[in-house]
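I opened the coordinates today to look up the charged side-chain pairs and one further residue. My notes follow in the order in which I checked things.

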Amino acid sequence: MSHLRHILALIFFLTVAAGSVSAQIPGHWDEDIRFLRKTAVPGYHCVVDDYTQYAPAAVMLIAKACGYDGRTGWGRMLTADAFSIAIMTGVTQGMKYSIRRKRPDCATRNSFPSGHTGTAFMTATLLHKEYGWRSPWWSIGGYTLAAFTGVSRILNDRHWMSDVVTGAAIGFGSVHLGYFLSDLIFKGKYINPAYERPTF
């Protein structure tokens, strides 16, 4: 399992590095997808992605508050969440304000990577970590909302496709690193005795 964590961390950093190199100028696929968006839904505007980015975390907290046991106890879960949020926010904001890529709608220069998508995939992965072992539907629901958020950012003309893909990788990777750090601190403590590692 330690090899899998190293592979995930490597994929995370390679995705971020590759995105950073290409972030200054949108690629052909970015332009092609934006052209499709402008052709198919030229007047699209919806603010629901401002809320769906947080929905998986809300589901996780409500389930935990209602006494539905997840992978870990409150303290260990919140520690892992704090690490994940700090990593995701630090990486995303650091890249946004150092790369300064212009948004597709030319409104500002903080397009890369997508913070909404990063948050959405982070919260979906938090939900997966805590409850995915109970049923794959927890994970499917969370990642469906995250994917919807990313697509909505493109439809709203606020992000390029590469912004969204990199944001998703950052959100996903930050949770795996956050839980890895939390596991180093707590070792075998405060884990639900019924917990079984997901097979998917």
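This is a predicted model: local features need pLDDT of at least 70, side-chain atom pairs count only at pLDDT 80 or more; totals for chains, interfaces and linings use all residues.

Entry on Asp183. I looked up Asp183 and Arg71 and found their side chains joined in a salt bridge, with 3.3 Å from N to O. Because Asp183 belongs to helix H8 (residues 161-186) while Arg71 sits in the loop between H4 and helix H5 (74-99), the pair ties together parts that are 112 residues apart in sequence. I then checked burial, for which the cut-off is under 20% relative accessible area. Asp183 has a relative accessibility of 12% and therefore counts as buried, and Arg71, at 8%, counts as buried too.

With a relative accessibility of 2%, Arg76 counts as buried.

Entry on Lys64. I next turned to Lys64 and Glu130, whose side chains form a salt bridge at 3.3 Å, again taken from N to O. Lys64 is part of helix H4 (residues 55-65) and Glu130 of helix H6 (residues 115-131), so the pair ties together parts that are 66 residues apart in sequence. Are these two residues buried or exposed? I noted that both Lys64 and Glu130 are buried.

Entry on a network. I also recorded that Asp30, Arg101 and Asp163 are linked in a network of salt bridges. As a reminder to myself, side chains of opposite charge can pair when their charged atoms come close.

Entry on Thr149. Last, I looked up Thr149, which I located in helix H7 (residues 136-155). Its relative accessibility is 0%, so Thr149 counts as buried. Which residues does Thr149 touch, leaving aside those up to four places away in sequence? I listed Asp49, Thr52, Gln53, His116 and Ala120 as the residues in contact with Thr149.

Methods
Residues are numbered from 1 along each chain as its sequence is written. Side-chain values use heavy atoms; hydrogens and water are left out. A salt bridge is a side-chain nitrogen of Lys or Arg within 4 Å of a carboxyl oxygen of Asp or Glu. Helices (H or I, at least four residues) and strands (E, at least two) are DSSP runs, numbered from the N terminus. Buried means under 20% relative accessible area, exposed over 50%, partly exposed in between (1.4 Å probe, protein chains only). Contact means heavy atoms within 4.5 Å.
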